[in-house]
Amino acid sequence: MTRRVPIEDVRSGHTLAAAVHDRSGRLLVPAGMVLQDKQIRVLLSWGITAVEVLEEGADDAPMSAPQDNEEPPAAEPTPEIEARADEILAERFQHCTVDEHPMSGIYRLARQALLDELCRYAPRRRSEQA
């Protein structure tokens with residue numbers, strides 16, 4: 001699930017749901033990137049007023065990576081999550097031939113890491129919350 005957020009409300013840890021381009025179509029920040037202060041400053045300097053971010057959850061707490069002692073949720077990727085991951089990776093790997101060595105291995109690892117991240121932050125279904 002995504003939501004449009006004014007750039008003033010974007011914080012480190014938000015994950016972009018859609019790529020951000022300048023007025024001429026040049027990619028500024030790719031979809032799927034977990035924003036840090038540096039990327040937020042770049043967006044501000046280019047006059048970006050709002051971005052699409054992945055939903056953080058019901059309590060609107062900032063997203064953070066699990067700590068070493070924290071177990072990530074055991075969630076399997078849904079077809080929607082897999083489709084979203086493939087869409088994000090298509091943009092990130094647009095200039096690569098991902099079916100040739102060594103890019104095939106890099107792509108496979110990047111896809112698994114992205115699926116893990118998207119599953120970690122995906123809202124849980126009601127049946128999983130009980």
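**A close look at histidine 14**

Modeller: Start with one contact. The side chain of histidine 14 reaches the backbone nitrogen of arginine 11 at 2.9 Å. This is a predicted model. Histidine 14 sits in a loop, between strand 1 (2–6) and strand 2 (20–21). Is histidine 14 buried or exposed? Histidine 14 counts as buried, because its relative accessibility is 6% and the cut-off for buried is under 20%.

Now the chain around that loop. The protein chain has four helices and four strands. Along the sequence, they follow the pattern β-β-β-α-β-α-α-α. Of the 130 residues, 32% are buried. Take the contacts with a separation of 6 or more: 65% of them join residues 24 or more positions apart. The accessible surface comes to about 8,800 Å², and carbon and sulfur atoms hold 50% of that surface.

Next, the cysteines. The structure holds zero disulfides. Cysteine 119 is buried, at 8% relative accessibility. Cysteine 96 is partly exposed, at 35%.

The mean pLDDT of the protein chain is 79, and 77% of its residues reach 70 or more. Confidence is highest in strand 4 (residues 50–54), at a mean of 91. Helix 4 (residues 126–129) has the lowest, at a mean of 48. Over residues 58–74, the pLDDT is below 50. That stretch still has 16 contacts in the model beyond near neighbours in sequence.

Terms used: Residues numbered from 1 in each chain as written. Predicted model: local features only at pLDDT ≥ 70, side-chain atom pairs only at ≥ 80, totals over all residues. Heavy atoms only, no water. pLDDT = per-residue confidence, 0-100. Helix = DSSP H or I, 4+ residues; strand = E, 2+ residues; numbered from the N terminus. Contact = heavy atoms within 4.5 Å. Disulfide = S-S within 2.5 Å. Buried < 20%, exposed > 50% of the residue type's maximum accessible area, 1.4 Å probe, protein only. Polar contact = N/O pair within 3.5 Å; in protein donor to acceptor, adjacent residues only side chain to side chain. Areas by Shrake-Rupley, 256 points an atom, 1.4 Å probe, with all protein chains shown as cover.
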